[in-house]
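Student: I have a new structure to look at, and I'd like to learn how to read it. Can we go through it together?

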Amino acid sequence: SVSSWVEGGTAMVILDSNHRKSHVLKELELYSQFVSVGNYLIVEDTHLNGNPIRPDYGGGPMEAVNEFLEYNHNFVVDKSREKYFITSNPNGYLKRIK
């Protein structure tokens, strides 16, 4: 299981599978617990659904991140990871702070 791999260590998680909002939100809820303080939970392709590409996509990773951050205060968006403000993951670098 994932918890046995992480136990006693540090972990960073990258989410990059199904990009529909409901799926990404479930992944955020499941995998956020494994990210150690000071490490990252990276959500790929938050640029979908008009953020700024594919405005016709429908709810996707960005919308899942926004909803997740409304109730999970263990993470903050780290804009410093968006080098030169160019990324496929705007607001997708979530740093665990507690």
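Student: Leaving aside residues up to four places away in sequence, which residues does Val76 touch?
Tutor: This is a predicted model, so keep that in mind throughout. To read contacts, look for residues whose heavy atoms come within 4.5 Å of each other. With neighbors up to four places away left out, Val76 touches Tyr93, Leu94, Lys95 and Ile97.

Student: Where is Val76 found?
Tutor: Val76 is in strand S3, which covers residues 75-77. For orientation, strand S4 covers 93-96.

Student: Is Val76 buried or exposed, or partly exposed?
Tutor: Go by relative accessible area: under 20% is buried, over 50% is exposed, and the range in between is partly exposed. Val76 has 34% relative accessibility, so it counts as partly exposed.

Student: How far is Val76 from Pro61 in space?
Tutor: Take that one from C-alpha to C-alpha: Val76 and Pro61 are 16 Å apart in space, and 15 residues apart in sequence.

Student: How do the strands S1 and S2 pair?
Tutor: Strand S1 (residues 13-15) and S2 run in the parallel sense and are joined over three bridges.

Student: What should I look for in the backbone of the loops?
Tutor: Look for exceptions, because most residues other than glycine have a negative phi, and most peptide bonds are trans.

Student: Which peptide bond is cis?
Tutor: The one from Asn51 to Pro52, with omega near 15°. Pro52 lies in the loop between S2 and helix H3, and that helix covers 61-71.

Student: What is the phi of Asp45?
Tutor: Asp45 has phi near 65°, a positive value although the residue is not glycine. Asp45 also sits in the loop between S2 and H3. Its relative accessible area is 18%, so Asp45 is buried.

Student: And what about Asn91, buried or partly exposed?
Tutor: Asn91 counts as partly exposed because its relative accessibility is 22%. Its phi is positive too, about 60°, and Asn91 is not a glycine. You'll find Asn91 in the loop between S3 and S4.

Student: What does Asn89 touch, again not counting residues up to four places away?
Tutor: Asn89 touches Ile42, Val43, Glu44, Asp45, Thr46 and Glu82. Asn89 lies in the loop between S3 and S4, and with a relative accessible area of 4% it is buried.

Student: How much of the chain is buried?
Tutor: Buried residues make up 40% of the 98. Then check contacts with a separation of 6 or more: 63% of them are between residues 24 or more positions apart.

Conventions:
Residues numbered from 1 in each chain as written. Predicted model: local features only at pLDDT ≥ 70, side-chain atom pairs only at ≥ 80, totals over all residues. Heavy atoms only, no water. Buried < 20%, exposed > 50% of the residue type's maximum accessible area, 1.4 Å probe, protein only. Pairing = 2+ DSSP bridges. Helix = DSSP H or I, 4+ residues; strand = E, 2+ residues; numbered from the N terminus.
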